[in-house]
Amino acid sequence: MKAMRLTARGSPLELRELELSRPGDQELLIRIEACGVCRTDLHVLDGELPDIHCPLTLGHEVVGHVLEAGSAVERFRTGDRVGVPWLAHTCGVCLYCRSGRENLCTDARFTGYTRDGGYAEQVLADARYCLALPPGPAAELAPLLCAGLIGYRAYRAAGEGSSLGLSGFGAAAHLLAQVAGHEGRRVFAFTRPGDDEARRFALELGAVWAGGSDERAPELLDAAIIFAPVGALVPEALAAVRPGGRVVCAGIHMSDVPGFPYRLLWGERQLSSVANLTRRDGEEFMALAGRLGLRARVERFALADANLALERLRRGAVTGAAVLEMPASSSVATPAARP
Ligand SMILES: [Zn+2]
Ligand SMILES: [Zn+2]
């Protein structure tokens with residue numbers, strides 16, 4: 001099977017032919033239909049996360065069908081459609097695992113980071129961490145597996161307030177804006193200054209206001225979630241929330257947060273981060289996505305064009321989410337010319 005491989009940190013992915021082993025007792029061998037391209041993939045590629053071992057296949061928003069299930073797998077069978085999320089394995093015995101916080105497991109493994117992911121035609125995944133999915137086109141479901149569900153963990157952490165700021169209107173924010181709309185919340189979208197396309201997109205998805213991250217919303221907000229990997233947005237977001245409000249950082253990596261006056265935090269404002277997901281988050285979010293008929297707006301790319309997808313994401317040029325789509329047969333197009 002073919003995979004786009006990271007062979008050295010910081011270098012473009014390379015199309016390689018690989019042979020996967022048979023699935024272990026608890027594993028599924030999955031034929032991939034689509035894999036989302038997440039901002040985290042860029043942090044791995046750029047070496048901004050610790051313990052990256054090359055060669056590696058990126059991608060942790062995987063939708064596919066089970067080709068073969070290990071002998072001990074009970075939840076899925078050959079032919080079932082499954083989603084493979086970021087959380088790939090936990091120890092089950094640490095303080096966090098024993099207290100319902102397996103997202104913080106000290107011995108966790110992650111798809112497309114500490115084990116091979118979905119920028120490929122096939123993947124092996126531990127069935128105990130795979131998710132059943134609502135019906136829909138694979139490409140439009142793939143972004144639910146990280147942007148959607150880790151975004152939703154951030155959304156819950158932001159509390160119950162009626163006004164919510166979303167900073168960085170990409171894959172996660174465009175899904176959460178839809179959820180927030182269903183729940184009657186008012187979304188205020190903060191985009192890159194001058195990005196009219198993103199502003200229009202946010203308003204189209206129901207945001208009541210959309211402006212640049214250098215602008216102030218017309219009112220103080222109950223909460224704000226920061227998706228952009230830009231530490232300078234932290235004091236900006238604190239200044240945008242009311243006393244008692246919350247600011248949640250949803251990304252895995254951010255540039256350094258600059259110093260800021262204590263008065264921005266004072267007034268019982270809360271600042272927190274969200275890390276990873278639990279399997280329970282995944283099940284709850286997929287059930288919600290099914291009830292709402294939640295779909296991502298996507299830009300589709302061939303597997304061999306993964307580098308192009310990553311570069312467009314890096315430039316902020318993707319509207320909604322970027323997704324790699326694998327053809328049903330094993331043939332993969334040759335890479336397109338770089339722009
Ligand atoms: Zn653990
Ligand atoms: Zn992700």
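Modeller: The domain assignment divides the protein chain into domain 1 (2–145 + 277–325) and domain 2 (148–273); these bounds come from an automatic or database domain assignment. The model is predicted, so local features need pLDDT of at least 70 and side-chain atom pairs count only at pLDDT 80 or more, while totals for chains, interfaces and linings use all residues. Residues are numbered from 1 along each chain as its sequence is written, and chains are lettered from A and ligands numbered from 1 in the order in which they are written.

Taken over C-alpha atoms, the centres of domain 1 and domain 2 are 25 Å apart. Domain 1 puts 25 residues into the contact and domain 2 puts in 20 residues; two residues are in contact if their C-beta atoms, placed from the backbone, lie within 7 Å. On the side of domain 1 that touches domain 2, the elements giving two or more residues are α1 (39–45) and α7 (279–292). Of these, α7 gives the most, with 5 residues. Helices are DSSP runs of H or I with at least four residues, strands are runs of E with at least two, and both are numbered from the N terminus. By type, this side of domain 1 has 15 nonpolar, 6 polar and 4 charged residues. Here Ala, Val, Leu, Ile, Met, Phe, Trp, Tyr, Cys and Pro count as nonpolar, Asp, Glu, Lys and Arg as charged, and the others, Gly among them, as polar.

Beyond its neighbours within four places in sequence, Leu-166 is in contact with residues including Ala-173, Val-187, Phe-190 and Phe-227.

For the chain as a whole, 48% of the 339 residues count as buried, where buried requires 20 or more other C-beta atoms within 10 Å of the residue's own, C-beta atoms being placed from the backbone. Among contacts with a separation of 6 or more, 70% join residues 24 or more positions apart. The protein chain contains 8 helices and 17 strands. Its C-alpha trace spans about 55 × 50 × 35 Å along the principal axes.

Definitions and conventions: Buried ≥ 20, exposed ≤ 12 C-beta atoms within 10 Å, placed from the backbone.
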